[in-house]
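Reader: I've got a model open and I'd like to learn how to read it. Can you walk me through a few features?

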Amino acid sequence: MEKLCRYTEDKLCTLLSFLTQLPCQLEMIADEVDNDNLRNALCAVAEESTQYAMELNTQLKRLEIIPPVPVMIDLEAELIDRTLLISANGKGKEVLSICERSEAFFCELYTGLLAGFLHNTTLKDMMQYQLLGIKSAFMRIRLLNSLRFNNEMKYATI
């Protein structure tokens, strides 16, 4: 069984904390969105985050890493500026901003870990799969977000 360095263990635990806390924040945002497709996409990312957290937790246990009680990450400061949320003048910039910040935070954590010294192929493969899934999910949200305002503009000109 591969023993990971303390730095890698800490990064994995930070990722697990983030994956554990993000669904609640995304669901709160989804509650404020007026578009069903976008709301469903946000809830889907929340569900995927929960699944990814369970997968990562299982891998940590296999590596004999006891995940600590999740470190509370200030997601408000990291990702969400509440003043941006669902303002009519923003025309989707609030959701776009949250997506970009969330995706950047995820990518930084995942790529840092993947570039690190991980010999465990099961863990590395799982993390690569999760990173691709997260990138795809946020791309879907950005697309739905842009479409909701394109459709508004199309109907406004008729």
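Reader: Let's start with cysteines: how many disulfides does the count come to?

Author: Keep in mind that this is a predicted model. A disulfide here needs two cysteine sulfur atoms within 2.5 Å, and by this rule the count is zero.

Reader: And Cys107, is that one buried or exposed?

Author: The cut-off for buried is under 20% relative accessible area. Cys107 has 16%, so it counts as buried. Cys24 has a relative accessible area of 47%, so that one is partly exposed.

Reader: What about the nonpolar core, which residues have the most contacts inside it?

Author: The general idea first: in soluble globular proteins, nonpolar side chains tend to be buried together. In this model the largest nonpolar core has 39 residues, and those with the most contacts inside it are Leu15, Leu56, Phe106, Tyr110, Met127 and Ile141. Helices α1, α2, α4 and α5 each supply at least two residues of this core, with the largest share, ten residues, coming from α4. Take Leu56: leaving aside neighbours within four places in sequence, its contacts include Leu12, Leu123 and Gln130.

Reader: How do α1 and α2 pack, at what angle?

Author: Two packed helices are described by the angle between their axes and the distance between the axes. For α1 and α2 the angle is about 160°, and the axes lie 8 Å apart. An angle over 145 degrees counts as roughly antiparallel, so that is the label for α1 and α2. The contact involves, among others, Leu15 and Leu19 of α1 and Ala53 and Leu56 of α2. As for handedness, α1 passes α2 in a left-handed crossing.

Definitions and conventions. Residues are numbered from 1 along each chain as its sequence is written. This is a predicted model: local features need pLDDT of at least 70, side-chain atom pairs count only at pLDDT 80 or more; totals for chains, interfaces and linings use all residues. Side-chain values use heavy atoms; hydrogens and water are left out. A nonpolar core is a set of buried Ala, Val, Leu, Ile, Met, Phe, Trp, Tyr and Cys residues joined through side-chain atoms within 4.5 Å. Buried means under 20% relative accessible area, exposed over 50%, partly exposed in between (1.4 Å probe, protein chains only). Helices (H or I, at least four residues) and strands (E, at least two) are DSSP runs, numbered from the N terminus. Contact means heavy atoms within 4.5 Å. Axes are lines fitted to C-alpha atoms, for helices over the stretch in contact, and angles run from 0 to 180 degrees between N-to-C directions. Angles under 35 degrees count as roughly parallel, over 145 as roughly antiparallel, 65 to 115 as roughly perpendicular and the rest as oblique. A crossing is left-handed if the near helix is turned anticlockwise from the far one by less than a right angle, and right-handed if clockwise.
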